[in-house]
Amino acid sequence: MTSFTRALQSELAHLWKNPWDLAMISWVPLLAVWLVWAIFSQAIPTHLPIAVLDLDHSSASRQLTRMLDATPGLSVIAEVTDPAAAQTLLRRAKVIAVVEIPDDWMKSIKQGQSRPVHALYNAQFANASGLVTRDIRTVVATFSAGVEITARNKRGESILAAQVNMEPLRAGLISLYNTALNYEQFLTVNLVPALLHIFAMTAAVWTVGRELRDGTAGHWMVATQVNSFRQMCAALCAKLLPGIVVLGLIGSGFFIFLLLFRGWQPTGSLAIGIAALWLMLILYSVLGALLVGLLRSLRIGLSAVGFITAPAFAFAGVAFPVMGMPALAQLWANILPFSHYIHLQTRLWQQAAPVLTILPTLFFMLLASSIILVVATFVTRKAFLQADCWGKR
């Protein structure tokens, strides 16, 4: 048998005897992926809770309240008359926003005076408050337009002329990608690879680092008959292979699930996107092996994994644009391989980018994986041959 085969058999035997090590690359990431999907499976947020503070108690205020409640994105769960009660609902996070209709509001409207409707919202929930305030603006603008058109019609203008005069200039906003604001197809497609790359690097550090921690590095090299650099490279690949394969299958299965059962229609090649995912998992796995070889400590290696992978999604430009970050943050974002992968995935699956435009990124990931594997083999072999590195936590 080759060193690759012996190392693979040794790793599979260890996983079989240690169910928690197996769990780290099997049902735990699978559960994490399911939880992420379950959170965003609603796809489009609806019925976000708001309250109405009606100080006018008029037919117009009741009509506005009904329009707010009829909006799919909003749900009026409370109608209060006391500002203190509205403030309590906001502070207890029972509602995202409170719409305040001032007193004598209907009277001001009939007199042709401007009387604003205030929306008090909890900005701590940035995404939810953004959705709520957008819908409130739309409803109030619709109500206001209806009042103005009715008034103009009573003054002799036709309905069509009143509509034109109400808005002589109009901005034409055209959404090119994710037109339905589908969070399932936007966030989960990005969050799942973010989770999997954390598991991949953690599993690689644990797989290699436990040999140093347990002092079994020398025994492993004898058992796998590693005598040369080439054999060490093959054995290291075999050691990392189970984690890469299982996590790659979980990620691929999730994307296929979205395609077949959730109506997801990627604009680019699904096969190339899945291949990029596997390359990303390989890259982070060999990077994890390199960390252990350099640090020669499982504990410090796991800490480094957290430092590199945990904030990677925040620097990827999905939630916060990279162009709006400070220069140092942009530099760190460009260093992280995950940023390049997620940019590739977005262009391929959501922006219909031609395959030729993403080939350089695929080549970079493949080249980086090869270089890191060579360096990781060198430093890991050196650490495994030095007995004074064994037994360190």
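Q: Which residues does the unreviewed UniProt entry list for "transmembrane region"?
A: This is a predicted model, where local features need pLDDT of at least 70 and side-chain atom pairs count only at pLDDT 80 or more, while totals for chains, interfaces and linings use all residues. Residues are numbered from 1 along each chain as its sequence is written, and side-chain values use heavy atoms, without hydrogens and water. UniProt positions follow the numbering used here, feature names are shortened, and annotations may be inferred rather than shown by experiment. The entry lists residues 20-40, 240-264, 270-295, 307-332 and 352-376.

Q: How far apart are the end C-alpha atoms of residues 20-40?
A: Helices (H or I, at least four residues) and strands (E, at least two) are DSSP runs, numbered from the N terminus. Residues 20-40 are 90% helix and 0% strand, and their end C-alpha atoms are separated by 28 Å.

Q: At which residue does α11 have a kink?
A: A bend is the angle between axes fitted to the seven residues ending at a residue and the seven starting there. In α11, shortly before the proline P242, a kink of about 40° lies at L240.

Q: Are α9 and α11 roughly parallel or antiparallel?
A: Axes are lines fitted to C-alpha atoms, for helices over the stretch in contact, with angles from 0 to 180 degrees between N-to-C directions. Under 35 degrees is roughly parallel, over 145 roughly antiparallel, 65 to 115 roughly perpendicular, and the rest oblique. Helix α9 (residues 183-213) packs on α11 at about 165°, with axes 10 Å apart. The pair is therefore roughly antiparallel.
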